[in-house]
Amino acid sequence: MKEILPCEIKENVVKLISKDWALLSAGNEKSWNTMTVSWGMMGELWGRDVVSVFVRPQRFTKQFIDGSDYFSLCFFDDDYKDALKICGSKSGRDIDKAASTGLVPVFDKSSVYFEQAKLVIICRKIACSEMSDKNFIDKSINECYAAGDFHTVYIGEIVSVLEK
Ligand SMILES: Cc1cc2nc3c(=O)[nH]c(=O)nc-3n(C[C@H](O)[C@H](O)[C@H](O)COP(=O)(O)O)c2cc1C
């Protein structure tokens, strides 16, 4: 993997997140988890390059993000769509996601990412906030929350970008 700057990411980031999907991961060698995400953003905030991701309270991955200072976002070629479908439909509470998908976790000093990823973004968690229906100007957004399971938004400062 080669380290690049956030502004050197060549692919369309909107497509990468929303259409190709990503794995959001946190933890360490002893204990980690990952899940598929397709809601998220990348850009600038508070004068820093940041990623924001949105995690519902029932996700097992949430406790790893809450318990870590860092998280990663990994992007893959289309060949790995089935692996992302597994990580987006099964919980790490019930399956071993590495064994079920063949994805190989790599641990660096701050987070976990996957050997097969074509692009890895490591983020330092700098802010989080729980969504509330009080703040929805367009009330139709409530349709996403029939179960009252409002996302927590995590904002991560991009600390490294690795490209295959
Ligand atoms: C394409 C796709 C996108 C998803 N995006 C999100 C997301 O942005 N936020 C979220 O909380 N869950 C999202 N999910 C659902 C989680 O990936 C899913 O519930 C997963 O099984 C959680 O795993 P865990 O319990 O091991 O954390 C998505 C699922 C799929 C298939």
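Leu24 stands opposite Leu73 in β6. The strand that pairs with β6 here is β2 (residues 22-27), which is joined to β6 by three bridges in the antiparallel sense; two strands are taken to pair if DSSP finds at least two bridges between them. Helices (H or I, at least four residues) and strands (E, at least two) are DSSP runs, numbered from the N terminus. The model is a predicted one, in which local features need pLDDT of at least 70 and side-chain atom pairs count only at pLDDT 80 or more, while totals for chains, interfaces and linings use all residues. Residues are numbered from 1 along each chain as its sequence is written.

Strand β6 (residues 70-75) is also joined to strand β9 (residues 119-130), by six bridges, and these two strands run antiparallel. Within this pairing, Leu73 stands opposite Ile121, and Tyr70 stands opposite Arg124. Strand β9 is in turn joined to strand β10 (residues 152-163) by 11 bridges, again in the antiparallel sense. Ile121 stands opposite Val161 in β10.

The burial of β6 was examined next. A residue counts as buried if 20 or more other C-beta atoms lie within 10 Å of its own, as exposed if 12 or fewer do, and as partly exposed in between, with C-beta atoms placed from the backbone. By this criterion, six of the six residues of β6 are buried. In a regular strand the side chains alternate between the two faces of the sheet. In β6 both faces are covered: Tyr70, Ser72 and Cys74 are buried on one side, and Phe71, Leu73 and Phe75 are buried on the other.

The largest nonpolar core holds 39 residues, of which Ala22, Leu24, Cys74, Ala117 and Ile121 touch the most other members. Such a core is a set of buried Ala, Val, Leu, Ile, Met, Phe, Trp, Tyr and Cys residues joined through C-beta atoms within 7 Å. In soluble globular proteins, nonpolar side chains tend to be buried together. When neighbours within four places in sequence are left aside, Ala22 is in contact with Ile17, Val37, Leu73, Cys74 and Phe75; a contact requires the C-beta atoms of two residues, placed from the backbone, to lie within 7 Å.

For the protein as a whole, four helices and 10 strands are found. Along the sequence they follow the pattern β-α-β-β-β-β-α-β-α-α-β-β-β-β. The radius of gyration is 15 Å, close to the 15 Å that the globule rule gives for 164 residues, so the protein is as compact as a globular protein of that length. This radius is taken over C-alpha atoms, and the globule rule is 2.2 Å times the number of residues to the power 0.38. The C-alpha trace spans about 45 × 40 × 30 Å along its principal axes. Of the 164 residues, 32% count as buried. Among contacts between residues at least 6 apart in sequence, 71% join residues at least 24 apart.

The shell around the ligand comprises 18 residues, and Phe60, Thr61, Gly88, Ser91 and Gly92 come nearest; a residue is near a molecule or strand if its C-beta atom, placed from the backbone, lies within 6 Å of it. At least two residues of the shell are supplied by each of β3 (32-37), β5 (48-55) and α2 (60-66). The largest share, four residues, comes from β3. By class, the shell has seven nonpolar, eight polar and three charged residues. Here Ala, Val, Leu, Ile, Met, Phe, Trp, Tyr, Cys and Pro count as nonpolar, Asp, Glu, Lys and Arg as charged, and the others, Gly among them, as polar.

Two tryptophan residues have a positive phi. Trp21, in the loop between α1 and β2, has a phi near 75°, and Trp46, in the loop between β4 (40-45) and β5, has a phi near 55°. Trp21 is buried, because 21 other C-beta atoms lie within 10 Å. Trp46 counts as exposed, because it has 9 C-beta neighbours inside 10 Å.

Separation in sequence and in space was also considered. Lys15, in helix α1 (residues 13-20), is 23 residues from Ser38 in sequence and 9.5 Å from Ser38 in space, C-alpha to C-alpha. Ile141, in the loop between β9 and β10, is 23 residues from Lys164 in sequence and 37 Å from Lys164 in space, C-alpha to C-alpha. Lys15 counts as exposed, with 9 C-beta neighbours inside 10 Å, and Ile141 is exposed, with 12 other C-beta atoms within 10 Å.
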